[in-house]
Amino acid sequence: MKIIKAKDYEDMSRKAANIISAQVILKPDCVLGLATGSTPIGAYKQLAAWYEKGDVDFAEVSTYNLDEYRGLSHDDPQSYHYFMRENFFDHVNIDLNNTHVPDGSNPDAAAACSEYDEIVAAAGYPDLQLLGIGNNGHIGFNEPDDHFSKGTHCVDLTESTIQANSRLFDSIDDVPRQAYTMGTQTIMYARMILVVANGEAKAQAVHDMCYGPVTPECPASILQLHTNCVVVADEAALSLCE
């Protein structure tokens, strides 16, 4: 794993956006795997700013998001489909027909997940997969477990993840308890993986991802086995990696 140290959140966001924009410039019709959550927002804002300046063009890009809450429609303000439009898609020239998020509104979990696996496979898997990392080492919504997951599947969210995400909802009772997520095997099919992390709260997870044993108890640790994984993290998130 290649680790790039950033000074702070803004520096992390800029460095991550540099890597993503380089991918788009080198391959204008590339496939991007995208992530939600607070960590990537700065990178998305930087990419949008560079688009406005004419430095990067998303017209031919297609995207596949990692996950979506089960039970939320695309137009629900708490859905990840809505999040992506609010924080990125509506600010660049990407064709919305080329953007994909698991269908959280489909109550048939098996159908929703197999359908998403099929379209990701048909796209040839991401040229670059952007990931955040949870405090407990989760990637996507792949929570600590006794095995690594394979394809897209329905997960029960852990209490720590529900607590972490509750800041985005009016009440913790409003946080969905399940989500559809790409499995770790699908994530590993990406030709390049870019992990972003910031803040002291992520320090233990980042250490375990980079230097701990490869175990499904820390899902992100499997990234040690990827041939092209880059971690961009600020000093606080890397504080246990010295």
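**Close-up views of a predicted model**

**View 1. Serine 221 sits in the loop between α7 and β10.** Helices (H or I, at least four residues) and strands (E, at least two) are DSSP runs, counted off from the N terminus. Bear in mind that this is a predicted model, where local features need pLDDT of at least 70 and side-chain atom pairs count only at pLDDT 80 or more, while totals for chains, interfaces and linings use all residues. Numbering starts from 1 along each chain as its sequence is written, and side-chain values use heavy atoms, with hydrogens and water left out. Serine 221 has a relative accessibility of 0%, so it counts as buried (under 20% relative accessible area; exposed is over 50% and partly exposed is in between, with a 1.4 Å probe and protein chains only). Look around serine 221 and, setting aside residues up to four places away in sequence, you'll find it touching Phe148, Asp208, Met209, Pro213, Val214 and Thr215 (contact being heavy atoms within 4.5 Å).

**View 2. Proline 213 also belongs to the loop between α7 and β10.** Here the side of the story is solvent: proline 213 has a relative accessible area of 63%, so it is exposed. Proline 213 is one of the residues that serine 221 touches.

**View 3. Strand β9 (residues 193–197) is largely enclosed by the rest of the structure, because 5 of its 5 residues are buried.** Ile193, Val195 and Ala197 point one way from β9, while Leu194 and Val196 point the other way. On one pairing, β9 runs parallel to strand β6 (residues 128–131), with 3 bridges joining them. Glutamine 129 has isoleucine 193 as its bridge partner in β9. Another pairing is with strand β10 (residues 229–234), again parallel, over 5 bridges. There, isoleucine 193 stands opposite cysteine 229. Strands count as paired if DSSP finds at least two bridges between them.

**View 4. Zoom out a bit, and 7 strands form an open sheet with parallel pairing.** The order is β1-β10-β9-β6-β2-β3-β5. At the edges are β1 (2–6) and β5 (99–100), each of which pairs on one side only. Back inside the sheet, strand β2 (residues 31–34) pairs with β6 in the parallel sense over 2 bridges. Glycine 33 stands opposite glutamine 129 in β6, and glutamine 129 is also the residue whose bridge partner in β9 is isoleucine 193.

**View 5. Strand β8 (residues 178–181) pairs in the antiparallel sense with strand β4 (residues 67–69) and with strand β7 (residues 153–156).** The β4 pairing runs over 3 bridges, the β7 pairing over 4 bridges.

**View 6. Phenylalanine 58 is one of the residues touching the most other members of the largest nonpolar core.** A nonpolar core is a set of buried Ala, Val, Leu, Ile, Met, Phe, Trp, Tyr and Cys residues joined through side-chain atoms within 4.5 Å. This one holds 71 residues, and the list of those touching the most other members also includes Phe88, Leu194, Val206, Met209 and Leu223. Leu194 is one of the buried residues of β9, and Met209 is among the contacts of serine 221. As for phenylalanine 58, leave out its neighbours within four places in sequence and it is in contact with Val24, Leu47, Tyr51, Phe88, Val92, Asn93 and Ile94.

**View 7. Serine 38 lies in the loop between β2 and α2 (41–52).** With a relative accessibility of 38%, serine 38 counts as partly exposed. Not counting residues up to four places away in sequence, serine 38 touches Tyr9 and Arg167. Asparagine 87 is 49 residues from serine 38 in sequence, but the C-alpha to C-alpha distance is 10 Å.

**View 8. Tyrosine 125 is found in the loop between α4 (109–122) and β6.** Check the backbone here: phi of tyrosine 125 is near 70°, a positive value in a residue other than glycine. Its relative accessible area is 23%, so tyrosine 125 is partly exposed.
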